[in-house]
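Subject: Structure handover

Hello,

Here is the structure for you to look over. My notes are below it.

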Amino acid sequence: LLRAGTQVAIATAVASGTIAPYPPLDSIAAPTFGDPLASASLTITSDLGETWSNSWGEALARGNLTGLDSLKGYTAVYVGPNPWAGQDGPVNWNDPKITVVSNSPQ
C-alpha cells in the first residue's frame, strides 16, 4: 500500500473529450490507490498547473460505486469548466466534479 502523500498517475496529457490511456491501464491493483480508498484523493492537474481534487469516496458515490475491484475496469470522468482554460477562461459558475464509473461488461 502507498504511504500518505504518494501519487499514482493514471493518465497524463489527456485531451478534452478523450479517454486515456488506451489501451487501458491494467497494471495497478485497486489497493494501490489508498487504504481506506474513500479518504484518498483523486486529482486532476492541467498543463497550466491548476488542480482539482475530490475524494475517491465522493467520486465513487457519484458513479453509484462503493469501491474498486481489481478485476474490473473504471473510468474517471471530469465534469466542469475546461481545465485547460486557465485564468483567461470562462467564469467557473459551478465547481468541477470528478466521477468514477464502471466500464466493465457485466
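The notes start with the ground rules, then go from the whole chain to single residues.

**Ground rules**

This is a predicted model, so local features need a pLDDT of at least 70, side-chain atom pairs count only at pLDDT 80 or more, and totals for chains, interfaces and linings use all residues. Residues are numbered from 1 along each chain as its sequence is written, and side-chain values use heavy atoms, with hydrogens and water left out.

**Confidence**

pLDDT is the predictor's confidence in each residue, from 0 to 100. The protein chain averages 76. Of its residues, 77% score at least 70. Among the elements, helix α1 (residues 56-62) has the highest confidence, at 92. Strand β1 (residues 41-45) has the lowest, at a mean of 81.

**Fold and surface**

The protein chain has one helix and four strands. From the N terminus on, the order is β-β-α-β-β. Helices (H or I, at least four residues) and strands (E, at least two) are DSSP runs, numbered from the N terminus.

The chain has 106 residues, and 25% of them are buried. Buried means under 20% relative accessible area, exposed means over 50%, and partly exposed lies in between (1.4 Å probe, protein chains only). The protein chain exposes about 7,600 Å². Carbon and sulfur atoms supply 52% of that area. Accessible areas come from the Shrake-Rupley method with a 1.4 Å probe; for residues, only the protein chains shown count as cover.

Take contacts between residues at least 6 apart in sequence: 53% of them join residues at least 24 apart. Contact means heavy atoms within 4.5 Å.

**Core**

The largest nonpolar core has 14 residues. Those with the most contacts inside it are Phe-33, Leu-37, Leu-42, Trp-56, Leu-60, Leu-68 and Val-100. The elements that give two or more residues to this core are α1 and β4 (97-102). Helix α1 gives the most, with three residues. A nonpolar core is a set of buried Ala, Val, Leu, Ile, Met, Phe, Trp, Tyr and Cys residues joined through side-chain atoms within 4.5 Å.

What does Leu-68 touch, not counting residues up to four places away in sequence? The list is Ala-30, Phe-33, Leu-37, Trp-56, Leu-60, Tyr-74 and Val-100.

Gly-57 sits in helix α1. It counts as partly exposed because its relative accessibility is 23%. Gly-57 touches Leu-37 and Ala-38, again leaving out residues up to four places away in sequence. Gly-57 and Leu-37 are 20 residues apart along the chain, yet their C-alpha atoms are separated by 7.0 Å.

**Nonpolar surface patch**

Val-77, Val-79 and Val-101 form a nonpolar patch on the surface. Together they have about 190 Å² of accessible area. Patches are made of residues with over 30% relative accessible area and no salt bridge; like charges are joined within 9 Å, and nonpolar side chains (Val, Leu, Ile, Met, Phe, Trp, Tyr) within 5 Å. A salt bridge is a side-chain nitrogen of Lys or Arg within 4 Å of a carboxyl oxygen of Asp or Glu.

Val-79 belongs to strand β3 (residues 74-79). Its relative accessibility is 49%, so Val-79 counts as partly exposed.

**The segment before β1**

Thr-12 lies in the segment before β1. It counts as exposed because its relative accessibility is 62%. Thr-12 and Ile-44 are 32 residues apart in sequence and 9.5 Å apart in space, C-alpha to C-alpha.

Gly-17 is also in the segment before β1. With a relative accessible area of 85%, Gly-17 is exposed. Its C-alpha atom is separated by 10.0 Å from that of Val-77, 60 residues apart along the chain.

Ser-39 is in the segment before β1. At 54% relative accessibility, Ser-39 counts as exposed. Ser-39 and Asn-54 are 15 residues apart in sequence and 9.4 Å apart in space, C-alpha to C-alpha.

**A backbone angle**

Which value does phi of Asn-64 take? It is near 55°, a positive value in a residue other than glycine. Most residues other than glycine have a negative phi. Asn-64 lies in the loop between α1 and β3. Asn-64 is exposed, with a relative accessible area of 72%.

Best wishes
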